[in-house]
Structure formats: structure tokens, C-alpha cells
Amino acid sequence: GDRNTITSTSYRDDDALIGEDIAATSCDPHHDTDADGLYGGMGSADVGFDDLTDPDDTEVHRVHASHDLMAEVEADLQHIADCLMVDTLDLELPGIASVDDTELKRAFGQVDENGVLKEDTDWRKSSLKSPTGKQSLRVRYVKKTKRLHLEGSNAINAQAHNVVSSGDVTEQAYWMCRDVHKKLNLKLPIRMGHELVHGRLVKVTRIDVVLLLKVPDGMKKATFINALAIAGIRAGINSSLYVNESVYFDKNSQSEASKIYDKAAELKRARKGGLPDVEGVELLDELNEKTVRVEAVFRVKKLSQVAKKLGKPLEPATFTKEVLAQMVLDILRKHVCHGQIFRRLEYKELLAIPLPYRSTVAHWQNGMELLDMVASERVLKEQARYIWHNHKIDIIKGERPDSLNESLSLVDVLAPKQFMPVPAVIRDNPNLFHSVDMGKHREKLAEQLAKSLGQE
């Protein structure tokens, strides 16, 4: 249907999620542990580089409160940390003296009046594709700054879908850089690989965090999303609604924004089909049907603020799951507002209301003319008083769209416990969930680094 908008800022941004359209052919994203080394093909280490220690454990925000409250806050933080997934990342890799022109074939630059390329204005770009052929990562090399820019979804790149993914920024960033290194013949030195596998060196300029939110009992996903948009607008949040499908909050913010959407509906719109044709894919369909996705987009301004507060660099190792969880909780609290969303009373809930009031409530939430259903206006008013006093439902002045009608607080709807982690049956399936043994990769690169230093 038409994607009617509520604000003038609600134009669709198809670049927001790379890989929104995913090819539906077979893929087999097995772990890549080549015999030639986990960073096979890298050159010698740089002489004099001595900062090879692991990053410090990340600081976690503390709350000065009672022990019980503190424990509850910590539990919420840890639950969100366990649930969150990382999708799109934008990275900048410094110190790249040159790239293979045969791999990054598309060249650009400024020319003077004689048609001669101006010095240090040239740059090149390329892209990587998922196992099913869909563009997953975009790569751009700027000669003047000697920086390689990477952006995209490692989940799409490694497993051909982004329904689920790891929540480890270091792992995702490392695998993106590693894949680009291997496929575009970058010849990155072992020292650089050793830094990347520990979440250092590369600059992070965008992180998209995704959470799976359970749809409340008795509500359809479309109703839920529409009601969330209305609640956001009532609370003064800059909201944009694509009816029945997605709602954006603070979409044009240069710092952070969020989106709640129906992944199943998004996949149905995909130009090249939806999920990859692999064993167990029905588990992803089932997950999409019972959840909506909450996506938080953190841009460089917000990431810089958080890194500065922690006293750490703008690198993957800084943004641990716990740090991201705190950032997500902060953005959720902005949306836990005075607005309310509504759902229909279910059959059992109607039965809890005694007759004759039960019938009146049923007629009311079905949009019927109540005066036609009772003996008189006086009887209707008496019933209305009883229903309001005992069940807090206003059948006289209360709104009754087709989605009504017991109010639910956003505090409850967006509470941490309403989010769910990736189910174990999906996480344990390598066809559906790409994961990396980072300990093994770190050990292998440390061995390669020590060997290359010894040779020098």
C-alpha cells in the first residue's frame, strides 16, 4: 500500500541499510581459516612498532543508587548487551600507501583546464559482494590522505542476510578489513592485521545496532508500529511513519537516530528476493514474524562523544557490547515518553468483564454505535461509569481506532526484558549465523608477527 508519511522528513533512504535487497540463491558462509595463515598474504611487520598489548577492559557506566536498583540497572545493561547485533559499520583505515589498480579499477579525480589530473586529487572505489551476489561492502581509497574507507554490513557480506548478526564491533570490523584485504589484494602488513584483530588502528565513524523486540500479545505488527509512531509524535519526537511498516525517530539527526520496522515486510520488497536459500532459513522467517526490529544508528558525532567520555580512541575496541548497550538504553529512554500505545482486548480479557458490560466493551472496540446496543442513554452512561471505574476504559470519549484498546505504556513496551537475543538454534547454525573465533585469529597473527620481527 501507500507509504503515507506523517512528517515532511519521511522520505525513504535505501542506503541506510546496505543489502536491503538480498539475492535468494544458495550460500555457504563457512569460517575462513586458511592454511596460509589467518591473515595470509600480509607482508613484513613495521620495525619499531611496540604497542601490541590487548585493549583495556571497557569501563561500564555506574549508577549511584541502592544496591537493588544498581543490580537491576546492571542486569538491564547486560541483557541488552546479550541481545544487540551490529549491522552497518563505516570504517577508515589509515596508512595505506597504495592499492592494486587492477582491483580498484574505477578511478576519479580533478583535472585542470588542460585536462591533466591535479596532483593528489585522485581516488578509487570498488565493492564486495555477498555469497549470493548482492553488494555488501563499499570501498573507497583516497590517495591524498592514504585512507581506505569501508562501509556496509559484514553480516550481508559473510552470510548473505542481516536478520541476525554478531554484536562484537571488533569482530565485525576485523572481518570486513580482512575480507577487503584478501579480495582486493591490499597487501596489508602483518603488524596492521595484528592491530585490527585487537580492535585498534581503524577509525569507526558509524555503527548501526539492531535489537529484536517482541510484539505485545494481541497486537499485529502493523498496529504496533503505527501506534509507536503516534506515541512518538504525541511526545514531541521527530517521527516519520511508513504506514504498517516502519517508523523513524530523529531521522535527520547528525548524532543518532532510530528506526522500528518490520523486517519481513522489508524483505518482501527486496528487488532480488528475500532470504538466501539455505538449510534452516525457515527459522529466520519465524523470527521475523514474531518480532519487530529496533535499529539505532550512531554517527561519528555521537561516537566521538562516547569515546571522549571514556578517554579512549574512536576504534572498535572502545565500543564493546556493554558500551553499545548503554548507548542503546540512553536512546530508548528518549522514546519512553508520555505517549501511550494501544491494543485490542483479547477474548479472555473480555470474559473477565462481567455482563452486560462485556458486550458493551466488545461493541465499542468493534466500532459500533453504542446507543443502538443498549436500552437508553441513561443505561449507557451508567455502564460507561462502571467500565471506567473498574477497567479504566473510556467508552464515551476514548479513541477507538481498529487497534484499540487497552493502553500500554511505552515504559513497558520498550523495557529491556521485551528484547530477545538471537535464539541458540540460529546462533549455532553456521548457515545462518557467521561467527569468528577471535582468540584463534589473535594467536595466529601474534605468531606471524613474532616470526616476521625475528626475520628482520
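**The chain as a whole**

The model is predicted. Its protein chain has a secondary structure of 15 helices and 13 strands, and of its 456 residues, 50% count as buried. When contacts between residues at least 6 apart in sequence are considered, 75% of them join residues at least 24 apart. A search for disulfides across the whole structure returns zero.

**Nonpolar cores**

The largest nonpolar core comprises 73 residues, and the members with the most contacts inside it are Leu91, Leu148, Val180, Ile207, Phe319 and Leu324. Helix α9, which spans residues 321-335, gives the most to this core, contributing eight residues.

**Two helix contacts**

Two packed helices are described by the angle between their axes and the distance between the axes. The table gives these values for two pairs.

| Helix pair | Angle between axes | Distance between axes |
|---|---|---|
| α3 (residues 169-183) and α4 (residues 190-197) | about 155 degrees | 9 Å |
| α11 (residues 357-365) and α12 (residues 377-391) | roughly 90 degrees | within 10 Å |

For α3 and α4, the angle of about 155 degrees is over 145, and therefore α3 counts as roughly antiparallel to α4. In this contact, Thr170, Tyr174 and Cys177 of α3 meet Gly193, Leu196 and Val197 of α4. Sorted by class, the residues of the contact are four nonpolar, two polar and no charged.

For α11 and α12, the crossing at roughly 90 degrees falls in the range of 65 to 115, so α11 is described as roughly perpendicular to α12. Here Tyr357, Thr360 and Val361 of α11 make the contact with Leu380, Gln383, Tyr386 and Ile387 of α12. By class, the contact of α11 with α12 has five nonpolar, two polar and no charged residues.

**Single residues**

Which side of the burial cut-off do selected residues fall on? Cys177, a residue of α3 that takes part in the contact with α4, has a relative accessibility of 2% and, because this is under 20%, counts as buried. Cys83 is likewise buried, at 2% relative accessibility.

Asn288 lies in helix α7, which covers residues 281-290, and with 2% relative accessibility Asn288 counts as buried. Once residues up to four places away in sequence are set aside, Asn288 touches Val163, Lys221, Asp262, Lys263, Ala264 and Leu267.

Ser359, found in helix α11, is partly exposed, because its relative accessible area of 32% lies between the limits of 20% and 50%. The C-alpha atoms of Ser359 and Met373 are separated by 8.8 Å, while the two residues are 14 residues apart along the chain.

Conventions
Residues numbered from 1 in each chain as written. Predicted model: local features only at pLDDT ≥ 70, side-chain atom pairs only at ≥ 80, totals over all residues. Heavy atoms only, no water. Axes fitted to C-alpha atoms, helices over the stretch in contact; angles between N-to-C directions. Helix = DSSP H or I, 4+ residues; strand = E, 2+ residues; numbered from the N terminus. Parallel < 35°, antiparallel > 145°, perpendicular 65-115°, else oblique. Contact = heavy atoms within 4.5 Å. Nonpolar A, V, L, I, M, F, W, Y, C, P; charged D, E, K, R; others polar. Disulfide = S-S within 2.5 Å. Buried < 20%, exposed > 50% of the residue type's maximum accessible area, 1.4 Å probe, protein only. Core = buried A, V, L, I, M, F, W, Y, C linked by side-chain atoms within 4.5 Å.
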